Amino acid sequence: MTIDSSPLSAPTATCARAEALAGRLELGAQALAAFASTLTDTQWRMPVPKDGRTMGVIIHHVASVYPLEIQLAEKLAAGQSIDGVTMEDVHAMNARHAEENSGITREAALDLLARNSAAAAAAIRALSDEALAIAAPVSLYGGVPLTCQFLLEDHAVRHSYHHLGGLTRALSA
C-alpha cells in the first residue's frame, strides 16, 4: 500500500483501522434507522424522559452532527488542537437544534441520517493510520491530548449507539 506523506491523504487501499471505524459507524446508523422505522407517529413525537427532546428530534440530532464530529476529528488528524468547545456549548447547540427541528418528519430525519452517515464513513475511510494516531489537545476534555481515533470512537462512531440505547430504554419504561 502506498501512503502519501500527508497524514490526511488516503492510502490507495483503506487502512484496516479506518475501515473498521467506518463500518461500525455505518452499522450504528443502520440500527438507528431500523429502530426509527418501527416507531409509531405517537412514539416519534414522544419526549424522552430525563432528556426532554422527542425521539424524532434525537434521531435527527444524530444525523445532523455527523459533519461537525468529522470536522473536529479531521482537525485533530491535521495536528491542530480543538479549542473553545465546552459541554455548555454542546448543550446549547442541542437545545437550539431541538427548538429549530421540533416538527422534523421521519422521512427528513432518515434521509439526513443516511446521507450524513455515508459521508462520515467515507471521510473516516480517507484517514490513514498515521492520521488516526495523531493527538492534540481537546478543550471538550479539559485540554487533554487525544487521538483522532479516540475522538471518532467517542463521538461519530458511538453517537448512534448511545442514543439508540436511550431511545430503546425510553420505550420500555
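Trainee: Which residue takes a positive phi in the hairpin of strand 1 and strand 2?

Mentor: Gly142 does, with a phi near 70 degrees, and the hairpin has 5 residues between its strands. Please keep in mind that this is a predicted model: local features need pLDDT of at least 70, side-chain atom pairs count only at pLDDT 80 or more, and totals for chains, interfaces and linings use all residues. Residues are numbered from 1 along each chain as its sequence is written, and side-chain values use heavy atoms, with hydrogens and water left out.

Trainee: How do the two strands run, parallel or antiparallel?

Mentor: Strand 1 (residues 135-138) and strand 2 (residues 144-147) run antiparallel and are joined by 4 bridges. Strands are DSSP runs of E with at least two residues, helices are runs of H or I with at least four, and both are numbered from the N terminus. Two strands pair if DSSP finds at least two bridges between them.

Trainee: And what stands opposite Ala136?

Mentor: Leu146 of strand 2 stands opposite Ala136, and Thr147, also in strand 2, stands opposite Ala135. In a regular strand, side chains alternate between the two faces of the sheet.

Trainee: Now for rings. How many aromatic pairs does a search of the whole structure find?

Mentor: The search finds 1 aromatic pair. Its partners are Tyr141 and Phe150, placed edge-to-face, with 5.8 Å from centre to centre and 75 degrees between the planes. Rings of Phe, Tyr and Trp (its six-membered ring) pair if their centres lie within 6.5 Å; planes under 30 degrees apart are stacked, those over 60 edge-to-face, and the rest tilted.

Trainee: Why does Tyr141 count as partly exposed?

Mentor: Tyr141 counts as partly exposed because its relative accessibility is 25%. Phe150 is also partly exposed, since its relative accessible area is 34%. The classes are buried under 20%, exposed over 50% and partly exposed in between, with a 1.4 Å probe and protein chains only.

Trainee: Changing topic: what is the volume of the largest pocket?

Mentor: The largest pocket has a volume of about 600 Å³, where volume is the space filled by probe spheres set on grid points joined across faces, edges and corners. A pocket is an open set of points, on a 1 Å grid over the protein atoms alone, where a 1.4 Å probe fits, with protein on both sides within 12 Å along at least five of seven lines; lining residues have an atom within 4 Å of a point.

Trainee: Which residues lie nearest its centre?

Mentor: Among the 24 lining residues of the largest pocket, Glu69, Val90, Leu140, His155 and His159 lie nearest the centre. Helix 3 (55-77), helix 4 (87-100) and helix 7 (148-172) are the elements that give two or more residues to this lining. Helix 7 gives the most, with 7 residues.

Trainee: What about the second largest pocket? Which element gives the largest share of its lining?

Mentor: Helix 7 again, with 6 residues. The second largest pocket holds about 220 Å³ of space, and its lining includes Lys50, Asp51, His162 and Arg169.

Trainee: Where is Lys50 placed?

Mentor: Lys50 is in the loop between helix 2 (41-44) and helix 3. This residue is exposed, because its relative accessibility is 91%. Lys50 has a positive phi of about 70 degrees although it is not a glycine.

Trainee: Back to helix 3. What does the side chain of His61 contact?

Mentor: His61, which lies in helix 3, makes a polar contact through its side chain with the side chain of Asn94 at 3.4 Å. A polar contact is a pair of N or O atoms within 3.5 Å; within protein, one must be able to donate a hydrogen and the other to accept it, and residues adjacent in sequence count only if both atoms are side-chain atoms. His61 is buried, as its relative accessible area is 4%.

Trainee: Which backbone oxygen does the side chain of Asn116 reach?

Mentor: The side chain of Asn116 reaches the backbone oxygen of Ala63 at 2.8 Å. Asn116 lies in helix 5 (residues 106-125), while Ala63 is in helix 3. Asn116 is buried at 14% relative accessibility, and Ala63 is buried with a relative accessible area of 0%.

Trainee: How far apart in space are Glu74 and Leu151?

Mentor: Their C-alpha atoms are 9.8 Å apart, although 77 residues separate Glu74 and Leu151 in sequence. Glu74 lies in helix 3 and is partly exposed, with a relative accessible area of 32%. Ala63 and Pro145 are 82 residues apart along the chain, and their C-alpha atoms are separated by 27 Å.
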